[in-house]
Amino acid sequence: MDSRELMRYAIGARANSYAPYSHYNVGAALLCDDGTVVCGSNIENASYPASICAERSAISAAASSGKRRFLAIAIAGGAEDEKDVLSGYAMPCGICRQVMREFADPKSFKIYVGRSVDDIKEFTLAELLPESFGPDHLK
Ligand code: THU
């Protein structure tokens, strides 16, 4: 699965975003090591801190179905009235980067942020979360 295909899933997942407070719709598509793709969207809450980001929605859904190793994630986010080409790249927040760290190899895990399938930036988790704390510290 290439970055464009994964980004297509992420853009599609924006449709399930529940963001009545920020009006900022985010979709994420997580590539698992068995080749499956699990999507998530941001789900806000009237008690604002109870909201969950799209990336963690996808990771929670995948982990809850027994998956444990992830290879890449694509993220697409923008204001609810933006449809075809988004105005910016939705970078993952710090909490989401740390949650990715739990189930991924930082050096090889790819994070794709896109404005469309034709406009994608690519990072590794190690680039976005350097010198990180992870499960290996507790062994
Ligand atoms: N959001 C995400 O879904 N992912 C991120 O990494 C950053 C922010 C969501 C949370 C909230 O619903 C909205 O974007 C505005 O912060």
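**The ligand and its pocket**

By class, the lining of the largest pocket comprises 10 nonpolar, three polar and two charged residues; here Ala, Val, Leu, Ile, Met, Phe, Trp, Tyr, Cys and Pro count as nonpolar, Asp, Glu, Lys and Arg as charged, and the others, Gly among them, as polar. The model is predicted, so that local features need pLDDT of at least 70 and side-chain atom pairs count only at pLDDT 80 or more, whereas totals for chains, interfaces and linings use all residues. Residues are numbered from 1 along each chain as its sequence is written, and side-chain values use heavy atoms, with hydrogens and water left out.

A pocket is defined on a 1 Å grid over the protein atoms alone as an open set of points where a 1.4 Å probe fits, with protein on both sides within 12 Å along at least five of seven lines; lining residues have an atom within 4 Å of a point. Of the 15 residues that line the largest pocket, Tyr24, Val26, Asn42, Cys53 and Glu55 lie nearest its centre. Strand 1 and helix 2 are the elements that give two or more residues to this lining.

The largest pocket is the space taken by the ligand (more than half of the ligand atoms lie within 2 Å of the grid points). The shell around the ligand has seven nonpolar, two polar and two charged residues, including Ser22, Met91 and Pro92 (a heavy atom within 4 Å).

Polar contacts are pairs of N or O atoms within 3.5 Å. A ligand oxygen atom lies 2.5 Å from an N or O atom in the side chain of glutamate 44, and the corresponding value for the side chain of asparagine 42 is 2.9 Å. At cysteine 93, a polar backbone atom is 2.9 Å from an oxygen atom of the ligand.

Note on methods: A polar contact is a pair of N or O atoms within 3.5 Å; within protein, one must be able to donate a hydrogen and the other to accept it, and residues adjacent in sequence count only if both atoms are side-chain atoms. Helices (H or I, at least four residues) and strands (E, at least two) are DSSP runs, numbered from the N terminus.
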